[in-house]
Amino acid sequence: MRLSDMTRGEVPGFALVRADAADLLHGAVRHEPEPEGWIRPWRFSADQMRAMGSCQAWHPGLYRQMGRATAGVCLEFTTDSSEVAVEVRLDGEPVGTREVLRYVHARGEARMHDGLSCEVDGRPLGVHVPAPGDAQVTFTLDDPSAAPAEGIMQLPGMGDTHHVRVWLPCLRGCTLRSVVGNGSFVEPVKKRRDLLVLGDSIAQGFVVDDPALAWPTLLAAELGLDVVNQGVGGQVFQPGTLYGLAPTIDPAVIVVALGANYRYEPCRERLVTRDVRSFLEQVARLWEDVPTWVATPLWHDEDAWPSHRMSCFEVVPRLIRAQASRFGGMRVVDGAGLLDHDAALMADGFEHPGPAGSRQVARRLGLVMEQASTPQQELRARAKALLAKAPRRTFPLAECLRRGIGTVICARPGCVALREPGGMQVVWATDPELARDVACALMRDAVTLCLEPSLADDLGRWLGLPAKEPVHLAIYRKKARPRPDAAHPVRPLGEADLSAVRQRMSHPEYQTDAQTLELLRAGDVLGAFAGDELVGFVGEQTEGSMGMLEVFEDFRRHGWALALESAKICQVLDRGQTPWCEVWPDNVASVRLQRRLGLTVLPATEACFLAQSRDSEPQDAR
């Protein structure tokens, strides 16, 4: 017998379990009672609603409508029921919502883009809406694949305990009364700390079709937080809209994602600057110790919907960065890297991400937060563990970690990436989607050593690095040390030799004076001498590889290169490290030298440099 029949009283005498919806709410700032036991959940305080509807707002009527929507609010509970029914009455669709949806419908079939979305034990059941004239939505909780036999479900109250989330509509408001189940209990889940999102229609969930797929909801799930979604269609940086909020929530993280709507109307840079500053000042004052991420606007298709000619939108990202930098607890996120520049990801074709775009924003924000908030020591430990059984071509990454060189950008299964002190990036990735997210959200358009051949072309495209140059990795695996050659004396150079070294470097542009001076002070640049005359030198690159090998023209082919690199190998071994270098495939003499010295030379098909041009690649590949 279906729960829907039982709740309508068509079959009397059945015992049902009932819980007040008010006790199950997560993500609501407050709720108001209505007649006959119904309640209305709100994600804004009463003071906030008055501010959004005041004469100071850009569009008070629109904001009042959007403020009633229940974006981010959910019912969360555990139950042994096999079915539950949520008593719900949906509000009508706001006029502002219909205007946005008009452009979505022009791209495809007109349909309802909202409703109640249920997730059971992490398994999505999709979006449901009440039948016409009905005031409840029923969800079957048991997994059909786990039934005792095909077509047979567990008896009510005899199955497993389910963890249930029912997300309320993000484009309209609703009233609730009870959650009814056919088991023996419906118990509330303890509330978590909050992810507070202050945003516009993109954060609110226009038009992802499923309230569970709005990026704030997805990000909160990844962070293990509840979400207080204060995204409002059409909203900008409006000072005064946070009054009354602080006492009602407990934010662990705050994301500010505003600014896109300045492009639709005339606006002045001076006034926008004032509003951005005032709004961020209020955020900083209310939540001084809460990590706050301020995102510049996402990419939009300017050709499909041009910005207003009197708008100051083109300077808005710069204004946001400048004002957020005034507060120590705020970090700026480049919104242009959170979403691919692809109109296919937009539900309306120009600005509002669809489900795939929303997932991408959530994933990339999560990566940015993880990299910035996780101690480097922990990230390095993760990266070392991931590289323990990785292919041999990942040696440069592993050696950087062993030597304590660089900053770990990402350390997740499927991608390890590091930025060395000179700015070069080193990456190994086997998960294309994760690699793309890392490249777009965390990496720069700087020289990159790619250690995954299958991803090199894509990685170069994502980073905007069109030049791809294969390179040999040469690694000294032997236990025996090269023998010193008394006929070719080599000794460390000092900082007094800076001018001589810089003048004779083939590519001084690949290393700054300060970096060369640091190497000289550390004794890491070795010079070869014929009597008192300097005839060549060898050093290291900032990622630890042997490089800078120079033998002056009059002394070439007399064994000096062999002596210099032999001495360098011994110096690296003395530090308890593994000597290695990179060699261009067309440098036949250098490849021959590495093999003569006993280095294992990996095929040039296993690693490559990505750069703006061939001339911008690092000198360490010789």
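Why is helix α11 (residues 395–403) largely enclosed by the rest of the structure? Count its buried residues and you have it: 8 of the 9 are buried, so the helix ends up largely enclosed. Keep in mind as you look around that this is a predicted model. The buried residues of α11 are F395, P396, L397, A398, E399, C400, L401 and R403.

One partner is helix α9 (residues 355–373): the two axes come within 9 Å and cross at roughly 65°. This crossing of α9 and α12 is right-handed. On the α9 side, the contact is made by Q360, R363, R364, L367, V368 and Q371, while α12 brings E433, L434, R436, D437, V438, C440, A441 and L442. Sort the residues of this α9–α12 contact by class and you get 7 nonpolar, 2 polar and 5 charged.

Helix α13 (residues 456–463) also packs with α12, at an angle of about 30° and with the axes 9 Å apart. Angles under 35 degrees count as roughly parallel, so that is how α12 runs relative to α13. The crossing here is right-handed too, as α12 passes α13. To find where they touch, look for P432, A435, R436, A439 and C440 in α12, which meet L459, W462 and L463 in α13.

Key:
Residues numbered from 1 in each chain as written. Predicted model: local features only at pLDDT ≥ 70, side-chain atom pairs only at ≥ 80, totals over all residues. Heavy atoms only, no water. Buried < 20%, exposed > 50% of the residue type's maximum accessible area, 1.4 Å probe, protein only. Helix = DSSP H or I, 4+ residues; strand = E, 2+ residues; numbered from the N terminus. Axes fitted to C-alpha atoms, helices over the stretch in contact; angles between N-to-C directions. Left-handed = near helix turned anticlockwise from the far one by under 90°. Contact = heavy atoms within 4.5 Å. Nonpolar A, V, L, I, M, F, W, Y, C, P; charged D, E, K, R; others polar. Parallel < 35°, antiparallel > 145°, perpendicular 65-115°, else oblique.
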